[in-house]
Amino acid sequence: MIYTFYTDTHQELLDDWFMKTVDDAEKVHVEKFDQECSTGSFMDEGWNKTMIKKVDYILECISNNKPFIHADCDIQFFDKVSDDMSKIMDEKDLDILGQDDGWLGGIKTMCAGFFMCRPSDTMKEVFENVKNMVISGFSGNDQLALNFLLQNNYSDTVRSDLLDEKYYSVWRDTNCGLWSESTQLNIPSSIKMHHANYVTGVDTKIKLMKEIRKIHAK
């Protein structure tokens, strides 16, 4: 099952990109959150209130005791993903498998906006700690909190890994900087999905998604 969520600012991303491109064979559950962040832009006022709700949502998914994919709604798909991710999870005996989100301080990071999780008491504890870190202000956002915990407190107890370039993000072509329309993109021909991160604002996300789809269609 793929679980996603949206707010009013992201309705177009959900309707015209996520839902129109996800494979018909995938099962998708959608939740609507209140608009806590008026702009819907990364780290603007109210952003972390939405991220706390997102972590609560993930904790609900964990309580179902079935492996699941959490996906932000600023994603477009080019193939089915759940079978491929389940195979990797089983082969590597993982607790969590996420999109590679590039480098931060010389360390590879996992995207908190696209991952598969195998529920357990430990993973519940991880995300409870993510929530507490965001609420306390110890971490700037849920992604920083998750990666801090995976790399430190749970480095020996949580088996995690990153997806390859078929799960595409433009950080691969921007040197982990923000995308601009002048960026030269080198997209793998066999990508399974594209997550429109490393860009701010819904309108700019849509411009990027259109560009990725145009290049992929060539």
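This is a predicted model: local features need pLDDT of at least 70, side-chain atom pairs count only at pLDDT 80 or more; totals for chains, interfaces and linings use all residues.

Q: How many salt bridges does the structure hold?
A: The general idea first: side chains of opposite charge can pair when their charged atoms come close. The cut-off used here is a side-chain nitrogen of Lys or Arg within 4 Å of a carboxyl oxygen of Asp or Glu. By that test, the structure holds 18 salt bridges.

Q: Which residue does Lys32 pair with?
A: Its partner is Asp8, and the closest N and O atoms are 2.8 Å apart. Lys32 lies in strand S2 (residues 28-32) and Asp8 in the loop between strand S1 (2-6) and helix H1 (11-21), so this pair ties together parts that are 24 residues apart in sequence. Helices (H or I, at least four residues) and strands (E, at least two) are DSSP runs, numbered from the N terminus.

Q: What is the distance between the closest N and O atoms of Lys53 and Asp34?
A: That salt bridge has its closest N and O atoms 3.9 Å apart. It links distant parts of the chain, with Lys53 in helix H2 (residues 47-63) and Asp34 in the loop between S2 and H2, 19 residues apart. Lys53 is partly exposed at 25%, whereas Asp34 is exposed at 54%.

Q: Where do Lys214 and Glu211 lie?
A: Both are in helix H7 (residues 202-217), 3 residues apart, about one turn of the helix. Lys214 counts as partly exposed at 47% relative accessibility, and Glu211 is partly exposed at 26%. Elsewhere, salt bridges that share partners join Lys54, Asp72 and Asp142 into one network.

Q: How many disulfides are there?
A: A disulfide is a pair of cysteine sulfur atoms within 2.5 Å, and the structure holds 0 of them. The sulfur of Cys111 has its closest cysteine sulfur in Cys176, 12 Å away, which is too far for a bond. Cys111 is buried at 3% relative accessibility, while Cys176 is partly exposed at 24%.

Q: Which strands pair with S6?
A: For the test, two strands pair if DSSP finds at least two bridges between them. Strand S3 (residues 68-71) runs antiparallel to S6, with 4 bridges joining them, and His70 has Phe115 in S6 as its bridge partner. Strand S5 (residues 96-104) is also antiparallel to S6, over 6 bridges, and Asp100 stands opposite Met110 in S6. S5 and S6 form a hairpin with 2 residues between them, and Gly105 in the turn has a positive phi of about 60°.

Q: How many residues of S6 are buried?
A: Strand S6 (residues 107-117) is mostly covered, with 9 of its 11 residues buried.

Key
Residues are numbered from 1 along each chain as its sequence is written. Side-chain values use heavy atoms; hydrogens and water are left out. Buried means under 20% relative accessible area, exposed over 50%, partly exposed in between (1.4 Å probe, protein chains only).
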